[in-house]
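Here is a friendly briefing to read alongside the sequence and the model. Please keep both in view as you go through the points.

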Amino acid sequence: QRPAGMFYHYGACAAVEGILFMIQPATCGTTVYQTRDGASWAKLPAGMPRNDYTTLFALDATNLWVAGDYGRLARTQDGGASWTKTDLTNNTSLAELQFVNSQTGWARSLYSGVLVSTDGGASWMAQETGAQSSYEDLQIQDAAQGHLLASVDALRSRLLQTRDGGVTWLETAVISNHLQSLCVAGSNELWVAGAKGFVKKLKP
């Protein structure tokens with residue numbers, strides 16, 4: 001069931017603790033919607049500070065982050081009753097956020113690489129991955145382990161892994177396809193997907 005009222009399109013989603021959070025695509029509104037059953041939607045108490053956020057991450061029911069182009073970033077620690085803006089000063093466009101706790105998180109920028117924060121998103125530091133290309137997807141498992149998907153060119157992609165919190169990233173696979181997403185399922189399954197219906201299961 002779609003949300004009632006002034007609603008345009010479904011946008012980025014994040015699920016945690018049985019709740020699905022959703023924001024509309026950039027410029028379509030400032031509302032953060034939430035649902036527990038998909039049949040009825042509620043709005044977080046306060047709208048987002050801006051209407052141009054493109055992604056969000058929910059750590060739990062009260063801690064959420066939203067981010068977008070030109071370094072736009074904001075956080076709520078009270079379930080959306082209030083937001084704190086912590087925009088990046090270098091205007092890096094953020095495509096993805098993932099936090100493992102209330103302080104430690106990673107952000108993916110399509111062309112500026114991987115950033116890490118240890119203060120809840122108030123400040124960020126770039127991590128050297130060695131992948132001089134576009135960054136397609138990021139999956140963080142815990143404070144130490146994570147996977148990064150990068151495009152070499154239109155026909156090849158690289159998969160990198162860290163086991164030390166992003167201090168070092170090591171290449172684990174080169175795949176002949178333009179991959180666009182990855183998913184880590186448990187401790188021994190990793191799936192990648194790309195162009196022309198390509199899907200492949202790898203070992204992490």
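## Strands, rings and cysteines

Strand S7 (residues 73-76) and S8 run antiparallel and are joined by 2 bridges. Strands here are DSSP runs of E with at least two residues, numbered from the N terminus, and two strands pair if DSSP finds at least two bridges between them. This is a predicted model, in which local features need pLDDT of at least 70 and side-chain atom pairs count only at pLDDT 80 or more, while totals for chains, interfaces and linings use all residues. Residues are numbered from 1 along each chain as its sequence is written, and side-chain values use heavy atoms, with hydrogens and water left out.

**The sheet that holds S7 and S8**

- Arg75 stands opposite Thr84 in S8.
- The open sheet here has 4 strands in the order S5-S6-S7-S8, with antiparallel pairing.
- Strand S5 (53-58) and strand S8 (84-85) are the edge strands, and each pairs on one side only.

**The sheet of S17, S18 and S19**

- Another open sheet has 3 strands, ordered S17-S18-S19 and paired antiparallel.
- From one strand to the next, the twist averages 20° (axes are lines fitted to C-alpha atoms, for helices over the stretch in contact, and angles run from 0 to 180 degrees between N-to-C directions).
- S17 and S18 run antiparallel with 5 bridges joining them, and the bridge partner of Cys183 in S18 is Trp191.
- The hairpin of S17 and S18 has 5 residues between the strands, and Gly186 in its turn has a positive phi of about 75°.
- Strand S18 (residues 190-194) is joined to S19 by 4 bridges, and these strands too run antiparallel.
- Two of the bridge partners in S19 are Lys200, which pairs with Val192, and Leu202, which pairs with Leu190.
- The hairpin of S18 and S19 has 4 residues between the strands, and Lys196 in this hairpin takes a positive phi near 60°.
- Buried means under 20% relative accessible area, exposed means over 50%, and partly exposed is in between (1.4 Å probe, protein chains only).

**Cysteines**

- How many disulfides does the structure hold? The count is 0, where a disulfide is a pair of cysteine sulfur atoms within 2.5 Å.
- The closest cysteine sulfur to that of Cys28 is in Cys13, 14 Å away, which is too far for a bond.
- Cys28 counts as buried, at 18% relative accessibility.
- Cys183 is in no disulfide either, and its nearest cysteine sulfur, that of Cys13, is 15 Å away.
- Cys183 counts as partly exposed, at 41% relative accessibility.

**Aromatic rings**

- There are 8 aromatic pairs in the structure. Rings of Phe, Tyr and Trp (its six-membered ring) pair if their centres lie within 6.5 Å; planes under 30 degrees apart count as stacked, over 60 as edge-to-face and the rest as tilted.
- One of the pairs is Tyr10 with Trp41, which is tilted, at 6.4 Å centre to centre with 50° between the planes.
- Tyr10 lies in the segment before strand S1 (13-16) and Trp41 in the loop between strand S3 (32-35) and strand S4 (42-43), so the pair ties together parts that are 31 residues apart in sequence.
- Tyr10 is partly exposed at 45% relative accessible area, and Trp41 counts as partly exposed at 21%.
- Phe99 and Trp124 form an edge-to-face pair, 6.0 Å centre to centre with 75° between the planes.
- Phe99 is in strand S9 (residues 96-99) and Trp124 in the loop between strand S11 (113-117) and strand S12 (125-127), so this pair ties together parts that are 25 residues apart in sequence.
- Both Phe99 and Trp124 are buried.
- One aromatic cluster is formed by Phe7, Tyr10, Tyr33 and Trp41.

**Ser151**

- Ser151 is found in strand S14 (residues 146-151) and is buried, with a relative accessible area of 4%.
- Leaving aside neighbours within four places in sequence, Ser151 is in contact (heavy atoms within 4.5 Å) with residues including Ser133, Arg156 and His178.
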